[in-house]
Amino acid sequence: MIKFLLAGILRDRSRSLFPILTVIIGTALTVTMTGYIGGVMPDMIQLSSHLDAGHVKLMSQSFYENRYQMPLDLAMDNADELIEGLEAQFPDMIWKSRTRFGGLLDIPDENGETRAQTTVSALAADLISPNSTELDYLNLRESVVEGNLPQDPFDILIAKSMAEAYQLNVDDMVTLMTSTVNGSMSFQNFRVSGMVVFGIAALDKGGAIIADIEGARMALDLNGGSTEILGFFIDDEYESERALVVSDWVNNNLKNVDDPYSPIALRFEDSNEFGAMMQFMGSFMFIISTVFILIMFVVLWNSGLMNGLRRYGEMGLRLAVGEGKGHIYRSMLVESSIIGVIGTIIGTSIGLVGVWLLQEYGIDLGNMTANTGDGIYYPNIIRGKIIPACFYVGFVPGLIAPFLGSLVSGRGIYKRQTASLFKELET
Amino acid sequence: MIETKLIHTHDLVKTYPVADREFVALKDVNIDIGKGEFVGLVGPSGSGKTTLLNVVGSLDIPTSGSVTVLDHNIGSLSHKQAAWLRNQHIGFIFQTYNLLPVYSVFENVEFPLLLLGKSNDERKKMVMDALDWLGLTDKAEMRPAQLSGGESQRVAIARAMVKKPALILADEPTANLDAKNSHHILQTMEKLNADLDTTFLFATHDEKVMQYMKRIISLEDGEVVKDEVK
């Protein structure tokens with residue numbers, strides 16, 4: 001019987017073409033979007049954790065409460081000491097001090113007089129100690145497009161766009177004017193050792209400088225301290241549960257509610273808006289499947305009704321030959337399942353091609369992501385990824401929607417009297 | 001005298017609601033049709049011929065009275081039981097052939113056997129026997145659209161008789177055929193009746209058909225007005 005139904009589906013294009021096309025489009029889009037999200041999410045998590053949030057992030061409680069102001073005076077002054085303890089407690093993690101601060105960059109002319117000034121946002125990290133992982137986390141080796149990586153605590157890297165705007169060259173000296181951790185004025189000369197292009201619009205667009213942590217500490221009178229400590233799993237794979245163990249330990253053992261300078265730990269998804277975003281992305285496959293099931297269901301329901309009207313004659317004949325209403329109804333469900341399988345296989349194949357193209361070539365969304373802030377970073381070229389879910393996720397809407405469509409539209413068979421269906425034969 | 005009753009109706013009434021009143025399609029119909037009979041239901045349009053065929057074919061149920069076909073009371077059958085009765089024992093032939101257009105001649109004739117759950121080999125043999133019997137062997141792989149009207153109706157007959165039913169119901173089977181094809185079809189059915197002892201019940205107002213009938217039941221306004229054995 002299946003063979004008989006299959007032959008009917010394949011030969012009667014008016015019965016199968018539109019439903020199969022609907023399923024193909026729905027599943028192809030589902031697979032493509034799943035692959036797209038499957039590629040974007042890991043990139044986003046890796047970039048954002050490397051650049052901003054770590055897998056676990058420690059700040060002083062008071063800094064955390066005022067974190068959007070980046071209050072340097074609320075930094076942890078015992079960061080190095082804390083790191084020693086954390087390394088002992090969690091040997092499978094790498095801990096790094098980072099300090100974020102703002103200032104005014106004074107750019108002198110050939111006589112040493114001020115030629116230009118601009119506000120800058122600075123990130124200080126361990127750039128020059130041997131085997132520092134920060135060069136990798138910040139992807140600096142690949143990002144330096146001119147000059148070299150810092151070799152000295154008073155070397156800095158600046159964004160290429162800023163260098164061009166202020167006609168800065170490698171080896172130029174600049175003065176950073178800022179305030180120390182104690183609130184007094186600070187003036188520190190730095191040498192521009194290189195220029196960077198991250199390929200991340202949110203970082204490349206503005207006045208960003210990257211300094212070595214030790215140079216920054218000297219400039220800010222923050223010896224042994226930092227505004228943040230970032231923890232990374234050695235395998236660089238973020239896992240929420242593992243991070244929770246670490247953050248819980250810190251919050252239970254190091255946090256002291258009576259000491260505003262004692263640390264508080266946040267998991268990656270607890271920083272900024274990551275949690276809501278990860279939750280949404282985690283539900284994405286469910287959401288996208290549900291949306292496509294509903295859309296395809298409505299389309300296929302209507303298509304089923306139209307088809308049913310066209311096939312009343314056939315139904316009448318089949319009744320006359322001795323097929324029961326239930327059998328006809330079930331055979332329509334089997335037909336829709338066959339259509340679902342055919343459409344899903346083709347749609348999944350097309351979707352996989354789409355994901356592969358996204359994986360290979362990506363989409364440049366740099367302009368759209370340039371203004372993303374709050375520590376959420378995307379690469380300019382957003383790429384999809386063929387993940388295992390791409391191979392099966394299309395089957396959910398691809399099989400359910402045609403089945404539901406036939407389930408509802410096929411009810412017409414039961415609503416019409418057998419004799420009425422039979423009469424269609426004569427019309 | 002009927003030896004074996006295949007069809008028995010007793011005070012059969014069938015009404016349909018039309019607007020705010022009941023339209024009486026069949027009124028107190030009492031007939032007995034035996035095994036192997038070749039019977040015509042004749043009468044003008046609206047006389048109740050097709051309604052009687054539908055009730056006898058278990059596609060409809062009586063409003064009152066009773067209809068027994070092969071010892072099955074049509075009025076008390078469930079949908080499933082009615083389908084089983086049609087599947088096992090009744091074949092239909094229609095005015096418009098009603099072949100499934102996307103299937104070949106072979107597949108159209110094979111369809112009732114699929115429902116009967118016959119094996120692949122059995123089906124093949126039974127279909128080829130039926131096509132051979134109707135002279136359609138060379139048309140087996142053709143689609144209905146490639147056949148003439150006469151050939152299409154022969155395929156419809158093959159589909160009706162392939163399972164060797166006890167009863168074949170034919171509703172105006174020659175209405176779309178020319179005289180030559182009509183005679184050929186009727187001769188074929190006459191032969192089928194004689195060779196296989198299959199009972200035929202025709203609904204017709206075609207004089208060509210009537211001349212082949214061995215018994216003619218005349219209906220007018222839903223009532224049997226004459227029952228004549230030739």
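I take two strands as paired if DSSP finds at least two bridges between them. Strands (E, at least two residues) and helices (H or I, at least four) are DSSP runs that I number from the N terminus. What I looked up is a predicted model, in which local features need pLDDT of at least 70 and side-chain atom pairs count only at pLDDT 80 or more, while totals for chains, interfaces and linings use all residues. Residues are numbered from 1 along each chain as its sequence is written, and chains are lettered from A and ligands numbered from 1 in the order in which they are written.

**Entry 1: the sheet of chain B**

I began with the pairing of β4 (residues 38–42) and β9 (residues 199–204) of chain B, which run parallel and are joined by five bridges; within this pair, B:L41 stands opposite B:A203 of β9(B). Both strands belong to an open sheet of six, whose order in chain B is β7-β8-β9-β4-β10-β11, with mixed pairing. At its edges I found β7 (90–93) and β11 (223–229) of chain B, and because each has a single partner strand, one side of each is left without a neighbour in the sheet. Neighbouring strands here are turned by 15° against each other on average, direction ignored; for such angles, axes are lines fitted to C-alpha atoms, for helices over the stretch in contact, and angles run from 0 to 180 degrees between N-to-C directions.

I then looked for what packs on this sheet and noted helix α5 (residues 149–161) of chain B, which touches β7 and β8 (167–171) of chain B and whose direction makes about 170° with that of β7(B). Here two residues are in contact if their C-beta atoms, placed from the backbone, lie within 7 Å.

Is β7(B) covered on one face or on both? I count a residue as buried if 20 or more other C-beta atoms lie within 10 Å of its own, as exposed if 12 or fewer do, and as partly exposed in between. By that count both faces are covered, with B:I90 and B:F92 buried on one side and B:G91 and B:I93 buried on the other. β7(B) runs parallel to β8(B), to which four bridges join it, and B:F92 has B:L169 of β8(B) opposite.

**Entry 2: a covered helix of chain B**

Helix α1 (residues 49–56) of chain B has eight of its eight residues buried, among them B:K49, B:N54 and B:V56. The residue B:S58, which follows α1(B), has a positive phi, near 60°.

**Entry 3: strands and a helix of chain A**

β6(A) and β7(A) form a hairpin with five residues between them, and A:G183 in the turn has a positive phi of about 95°.

Helix α9 (residues 213–220) of chain A has six of its eight residues buried, including A:I213, A:R217 and A:L220. What covers the buried residues of α9(A) includes β2, β6 and β7 of chain A, together with β3 (114–125) and β8 (208–212). Just after this helix, A:D221 takes a positive phi of about 55°.

**Entry 4: chain A as a whole**

I listed 19 helices and twelve strands in chain A, of whose 427 residues 44% count as buried. Its radius of gyration is 31 Å, whereas a compact globule of 427 residues would have one near 22 Å; the radius is taken over C-alpha atoms, and the globule rule is 2.2 Å times the number of residues to the power 0.38. Along the principal axes, the C-alpha atoms of chain A fill a box of roughly 100 × 50 × 30 Å.

**Entry 5: where the chains meet**

Which elements of chain A give two or more residues to the side that touches chain B? In total, 22 residues of chain A are in contact with 20 residues of chain B. The elements are α1 (2–11), α13 (312–321), α14 (325–361) and α19 (418–423) of chain A, and α13(A) gives the most, with six residues.
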